[in-house]
Amino acid sequence: MPPVLVIARLTVQETSRRRLILALIILTLIVVGFSAWGFNKITTVTRSDGTPLPAQQVALITSQLLIVVTFMYSGVLALSAAVVAGPLISSEVESGMLLSMLARPLRRSEVVIGKWLGLAVLIAFYAAGSAFLELVAVDWATGYLPPHPVQLVLYVGAEGLVLLSLGLLLSTRLSGITGGVIALVAWLMGWIAGVVGDIGTGLQNQAIENVGVISHLVLPTDGLWRGAIYALEPDAFLATLRAAGTVARANPFAQVDPPPTSFLAWVALWFAIVLALSIWSFRTREI
Amino acid sequence: MADVKKEETRTAPAPAGAAGTPAIKTVNLSKRFGRTVALAGLSMTVPRGEVFGFLGPNGAGKTTSVKLLLGLLKPTSGEAWLLGRPIGDLNTRRRIGYLPELFRYQGWLSAREVLALHCELAPLPRSSWNDEITSALDTVGLTDRANDRVSTFSKGMQQRLGLAAALLGEPELVFLDEPTSALDPVGRHDVREIIRGLASRGTAVFLNSHLLSEVEQLCDRVAVVDHGRVIASGTMDELLSGTAVKVRVEGLDAAAKATLSSFGDLDDEGDQITFTRLEAERVPELVSAIVALGGRVFEVAPRHQTLEDRFLQLLDEEEK
């Protein structure tokens, strides 16, 4: 097996043996169970005349609630990615675990890519698995399915990968705690900056709007989250948003347009830049 | 310096002629960390098949030297070769074993899995893994714990595991950085036997150790480093050619002892003074001088200089 895959396998093995995967699976099942119960309650809501809500209204409420639940999932993924990636390299440098491994014919770039790959596989599985379970539960409870489930998984998964990549870059130089905290704060700041950008859009103030644009370029997590929101919105809701004009665009839980192709291209470039920086940083680190 | 830039290159196997080259050769290898000079022009040659002792006080640059040779650090200047290839050559690392001073292995793996990981990274043919692992575990006395998680191991057992990892694949050169620091006397004895076994099959061993008696028992050749440079090197016979004289004496004050320094470097431990390098012919003269200074001599014991005597003498000379 190529060294990069050996390191990736070792990373997956570590998270598995440390029971992180088991903990996430159990927590996810609990959340899915509770949310299924909650979504099911929507179908039991009646109007003032005692008749049940029409299917369109159930779908609308479900779609909005699903966006909030998905925000929680993306948060769990981002937190987990940052916390796990923060010490990914630094802890092994500090403990000396990497010394004997790097004395083997193993490139430092293979360590960086291998660790990224191992965690990326876990993130992809978590994003796909949790989305599948949640959507199946929502479908069972309400009969509603969001319009673009595959894109939803891709956007939420990519958000986790951004946090993983940032945490890994920081891990090549900073201690695990410091790197993890910085990645988390950056993620929160990115989301806040996105909200500020929305306010700028609502106020039609270009300077404030640019805060969101710049934050999406520096750390594309919020931009990707907007893609996830768009993937969850039914056409009827989108039509209402578009009709509302700029006011509808000033909502961090609503998205009128999908992320532009230029932004997605930038995200791909962002990954390449951050991984290249991580490799360079670790190669030049003396251990 | 230029050689280290090749750290990320996997080159072709060393040419057959490289077998005649030294196990290690360094020329003016230097390392600075900011303003601190960790290594100041290390030049030495370690022949193949020998056990080479690398001695020095704390902070002398011993571990830095090992890390430079293994490509874990980049030299500020100078050049070095391992098994005939420039340091940093990935292919050469297939033929090297390393037990770090700071040893730590994946606690979530079993001892056997850690060794399998190193077999895979080495890389050794998969068909040989089982024999290699079984043999290495047997050599270091961990056969009974082969399938236990490393997190349940004591520090000494982890050091044994590290030694097992360093032995995998019959390396041509093994770096052992303080290999007995966590071991009990039985473990130390075992490690000495392992090192002798390596030497008998022609493996060069680069031994960093504070335990001078251990080095004296095992090494064919030693180098003493202090403040980042070699202050003495050679075979054990070349280094320990002198005689040391231990004198048990009472009644000498500090001024009198200072007078006795004309007999060479002395290690003053109260009533026991050791002259670390003194010709045996001068012993009567020394006793006369002590008596003349008012000292009462209870014992005079000339003996061959030990490595510790020589080591202390060298460091003392450096201080002056």
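**Notebook: chain B, a helix pair and a sheet**

I keep in mind that the model is predicted.

For the geometry of this pair, I read that helix 2 (residues 111–121) of chain B and helix 4 (residues 155–167) of chain B have axes 9 Å apart and pack at an angle of about 30 degrees.

I then listed who makes the contact: B:Ala111, B:Val114, B:Leu115 and B:His118 come from helix 2 of chain B, while B:Leu161, B:Ala164 and B:Ala165 come from helix 4 of chain B. Sorted by class, the contact of these two helices holds 6 nonpolar residues and 1 polar residue, with no charged residues.

Next I turned to the sheet, which is open, has 4 strands in the order 12-13-11-14 (chain B), and shows antiparallel pairing. At its edges I found strand 12 (266–269) and strand 14 (296–304) of chain B, each of which pairs on one side only. From one strand to the next, the twist averages 15 degrees.

Within the sheet I followed one pairing, in which strand 11 (residues 243–250) and strand 13 (residues 272–275) of chain B run in the antiparallel sense over 4 bridges, and where B:Val245 stands opposite B:Phe275 in strand 13 of chain B.

Finally I checked what packs on the sheet: helix 9 (residues 283–292) of chain B does, touching strand 11 and strand 14 of chain B, and the direction of helix 9 makes about 155 degrees with that of strand 14 of chain B.

Definitions and conventions
Residues numbered from 1 in each chain as written. Chains lettered and ligands numbered in written order. Predicted model: local features only at pLDDT ≥ 70, side-chain atom pairs only at ≥ 80, totals over all residues. Axes fitted to C-alpha atoms, helices over the stretch in contact; angles between N-to-C directions. Helix = DSSP H or I, 4+ residues; strand = E, 2+ residues; numbered from the N terminus. Contact = placed C-beta atoms within 7 Å. Nonpolar A, V, L, I, M, F, W, Y, C, P; charged D, E, K, R; others polar. Pairing = 2+ DSSP bridges.
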